[in-house]
Amino acid sequence: MKVEIVTRRDGEQEIVAYDYVPRDDSEKPMILDVLLQAQANGMPDLAFRYGCRARNCGVCTVDINGRPRIACRARIKEGDRISPMATLPALSDLVVRRDGVARQMRGRLATAGQGNDLNVSAPDDYHALTGCIECYACLHECPMHARNFDGGLPDEQAVEDRPDPAEGYTSGNPFSLLKLQRIRIDPLTSEAGKSSALDNAIDLGLDACVGCKGCKCGVGIDLIGKVIWPMLEAAGDRLAEKG
Amino acid sequence: MPIEVDWCDYDVVVVGSGGAGSHAAQAAAATGARVLVVSKDPIGASDTKISEGLATVRESGSDDDSEEILSENLKMAGGDLPLNAITDAFAADSKEAYDIYRRQGLRPEIDDERDIPKPLPLPMGGHTRRRSVGHRNSGIAFGHANWNMIVQGEGIDYLEDSWFLDLVTDQAEAGTDKSVVGGIIYHAALGRLIAVKTSSVVIASGGLSTLYFPKTDTMRGNTGDSYAIAARAGADLVDMEQVQFLPFCLASPPSYEGLLVGEPVTASYLGVLRDKNGKVILDGVFLRTRADCSSAIMRAVEDGRGSPNGGAYLDMTANKRPPRSGPYFMRFVESALPSAYKVARQAMSKAAGNCEEPWEVRPSAHYMMGGIRADEHGASVAGDGDGSAGAGLAGLFTAGQAMGGVFGANRLGSTSLTEGAVFGRRAGEAAAHLARKSATRDTREEAFTPMIENIRRRFGQKGDSAAAVLKLELQKAAWINIGPVRTADRIAEMERVLSDLDAKLDDVAVPGYAEWNQAFIEFEELRNLIASARGVCLASRERDGSLGGHVRMDGKQISAFSKPYSTVVSHSPGGGWRVRRVNRDRTPLKQIIAFKIQDAKRKAAVKWLRMLPAGMQDRALEKKYLAVMGAGGTAKEVMPGGADAAVGEATQA
Ligand SMILES: Cc1cc2nc3c(=O)[nH]c(=O)nc-3n(C[C@H](O)[C@H](O)[C@H](O)COP(=O)(O)OP(=O)(O)OC[C@H]3O[C@@H](n4cnc5c(N)ncnc54)[C@H](O)[C@@H]3O)c2cc1C
Ligand code: SF4
Ligand code: SF4
Ligand code: FES
């Protein structure tokens, strides 16, 4: 099975053809199977992230033909092109720099004086949001995230204009909103904690969600219904003021 | 241009951002220490995040549980190898440490009547009480809590995509022993080395199961870094022959090879293990330890009675068939280990997924019981018997899978998430305490220089070998020679393979560029895998009989009544690797006998169940399930990775 792998070393990008040899006749390989075989077989320095091989750790996301896929659990077919996630800056081969997203949440996770009785069950929606594996597939086509890169993609920007991920991106994304909404519906979060979570969402650019066609989650979490709408509803007038 | 070096200094450096690392960092920061967390994977992406999410919470299942009972349970299951002080600490702290997770957003289901988190309906294999609490979204729920702890940043700085390469040690004053003065980090995303000065390092960087890839269910990063780094700095390792192989993992299809599909408890009341001829090789599976099940499978394989892919069959069809109790069994399997069951359903046939056909299972490397030799505060120890911190490597602390001496020869299910929280917190506090005492110390930069120069030379190293390929050779040999079954000859063969690989290290090609140099990363991990495999070889050679996770086909089973000992492995630059034994206390005979009788009784009770006529058996089982699970509906699950959620496709607008 012939596929293409976009490689990048020391800033130089290249498109490499790779011919995957199936391990048995019926095999329908995952993207990760191809990368592991390529590394064992002629491309020993190939850089890619993976961890659990079971769609739990969230680190293996790559783009297939320009759309994000979780490499360990998405099948690949003849002619597909594997490239690094376009929504984050590329480092080597398929590895992108991820930490600008997490760093924007620094100082925004306090729940401000949680309740003392820990023996409280959380609502179903809380668990639905906890299912997020931090794969960053939802960054794809998110206009809020694109604000970090002048409305485009990180690698389209001139080097001197690029934001420093170590500072944390200033504009948010579906993942960061999910983290904040999770705090808001945690039964142990205080009223102050809930309201500061909403403030943070607004600060990260919640206004971008107004009229946006919405985000897609890599593992099927209903982001629009469980994150965006509840937040927009709660922010209501305040967004109007801002807008 | 040689890779550049940045300098920094911290009170406490924590290596790893899994459960143990997060708790260590938080505990140290809470005392006011300035903490740096170093993680090679993105923050929180670790075994803790991909686990089944079962945590041991003392007394959650019944009021007749206690610190004494839990501590004794751990120690006896571990073949008397765990230290008393350590199992006592685990038992004492287990509830409180778990609550730290809850303060960070972990939300278990609550048993409203008893006002405590709800445990699984049955005790996990080897536990004498019900006390394993499950969580929706499994380990991912723990991952969120750990991530929040580190990212929030109160007193904690962190680096991800950063490989901690080695500890730097130096004499604080002439004539004294060496102690930790810092470490060297490769920050792959920045393409720089970081030299960090510190008096206290907590190694919480996980295990070595990647030595057996792809026959493992753990994260790729388990390359033995913890053990290799500690041993190179002169610290003792303990019980290194004790690798835990989980019995019920997949042998095929290829994309799923090695992944976990069940625990002994999954087998429920009637599940048995069969060889390829259908003969029962182990009954009462749900009451057995992981080691019992793994060794039964591998003995059948060695005997030529294994399944096509080198395993055996877990047959649960007898649970499924009865009309009354069958549906309860399915509910049990679905909710006991949701993410393992999800893997089973995705990978195997529909009939197998419904437990109407036996599952082909093969052991996978899962957890290292051995590790850095430490006391109940995670401080490195050395010397005879339990050892003392005074004799250990001053400034080295450890927690989680990196730490040895907690579980000895066998770790019971659901104990590791708790272990990370318990000893992470203890190690973090102890490390911060030492940092306060060492605050005025001067650190000589020259102590770092030789190591920095060595590392710099690797970038741009010319050669004909590729580390990623040598890694595969090593992994193949490790499974055969120091895997779930071992003999003296195989161990010797492994030592030969390791010497060969060692000799090839200088012939590994590493390009010169600094930013995310995968060849350099593979090189460092290979080096760590080789060093920790050395530890496994030496300890396996020393223990010439079978005990727990260590199965010697050419030796006898070591009896619970014999005098227990642990193996201790160490390395010195001049003297190379060496191994010796240290004595352990045996549990008093009376207690061992009582434990054995209780165990035999529980096993006999299931045997009796299996003999009942079908109708009676069905009703008896229905009653049992009703008693443990209640009549309520199945627990609803959000299933990341469920077949219903293909990335970017099946999402609602
Ligand atoms: C599939 C599966 C299911 C499991 N289920 C359960 C369960 O239900 N209950 C239970 O109690 N246990 C379970 N376990 C075991 C348990 O998850 C682990 O033993 C435990 O989480 C280990 O925690 P840790 O903090 O020690 O290490 P980890 O969580 O593995 O964290 C290690 C950290 O160290 C970092 N690291 C490694 N090397 C370096 C280096 N050189 N430099 C910098 N950083 C480094 C990694 O990036 C990672 O952040 C399971 C394990 C697996 C694989
Ligand atoms: S709804 Fe908001 S978070 Fe989602 S894609 Fe649009 S702008 Fe991004
Ligand atoms: S919200 Fe979904 S797509 Fe986004 S990071 Fe979480 S799991 Fe991935
Ligand atoms: S490797 Fe963990 S999600 Fe793909």
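The model is predicted: local features need pLDDT of at least 70, side-chain atom pairs count only at pLDDT 80 or more, and totals for chains, interfaces and linings use all residues. Residues are numbered from 1 along each chain as its sequence is written, chains are lettered from A and ligands numbered from 1 in the order in which they are written, and side-chain values use heavy atoms, with hydrogens and water left out.

The C-alpha atoms of chain B fill a box of roughly 80 × 65 × 50 Å along the principal axes. Its secondary structure comprises 18 helices and 23 strands. These are DSSP runs, numbered from the N terminus (helices: H or I, at least four residues; strands: E, at least two). Of the 653 residues, 64% are buried, meaning under 20% relative accessible area with a 1.4 Å probe, protein chains only. Among contacts with a separation of 6 or more, 75% join residues 24 or more positions apart. A contact means heavy atoms within 4.5 Å. Chain B exposes about 22100 Å², with 50% supplied by carbon and sulfur atoms. Areas come from the Shrake-Rupley method with a 1.4 Å probe. Chain B carries 77 positive and 82 negative charges, and their mean positions are 6 Å apart. Lys and Arg count as positive and Asp and Glu as negative; His and the chain ends are not counted. Each charge is placed at NZ of Lys, CZ of Arg, CG of Asp or CD of Glu.

Thr216(B) lies in the loop between β12 (200-203) and α6 (225-232) of chain B. Thr216(B) is buried, with a relative accessible area of 1%. Its side chain makes a polar contact with the side chain of Thr218(B) at 3.1 Å. Beyond four places in sequence, Thr216(B) is in contact with residues including Arg53(A), Glu257(B) and Ser364(B).

Chain A has 7 helices and 5 strands. Along the sequence they follow the pattern β-β-α-β-β-β-α-α-α-α-α-α. For its 243 residues, a compact globule would have a radius of gyration near 18 Å; chain A has 20 Å, which agrees. Buried residues make up 61% of chain A. Chain A exposes about 9600 Å², and carbon and sulfur atoms supply 47% of it.

Key: Rg over C-alpha atoms; globule rule 2.2 N^0.38 Å. Buried < 20%, exposed > 50% of the residue type's maximum accessible area, 1.4 Å probe, protein only. Polar contact = N/O pair within 3.5 Å; in protein donor to acceptor, adjacent residues only side chain to side chain.
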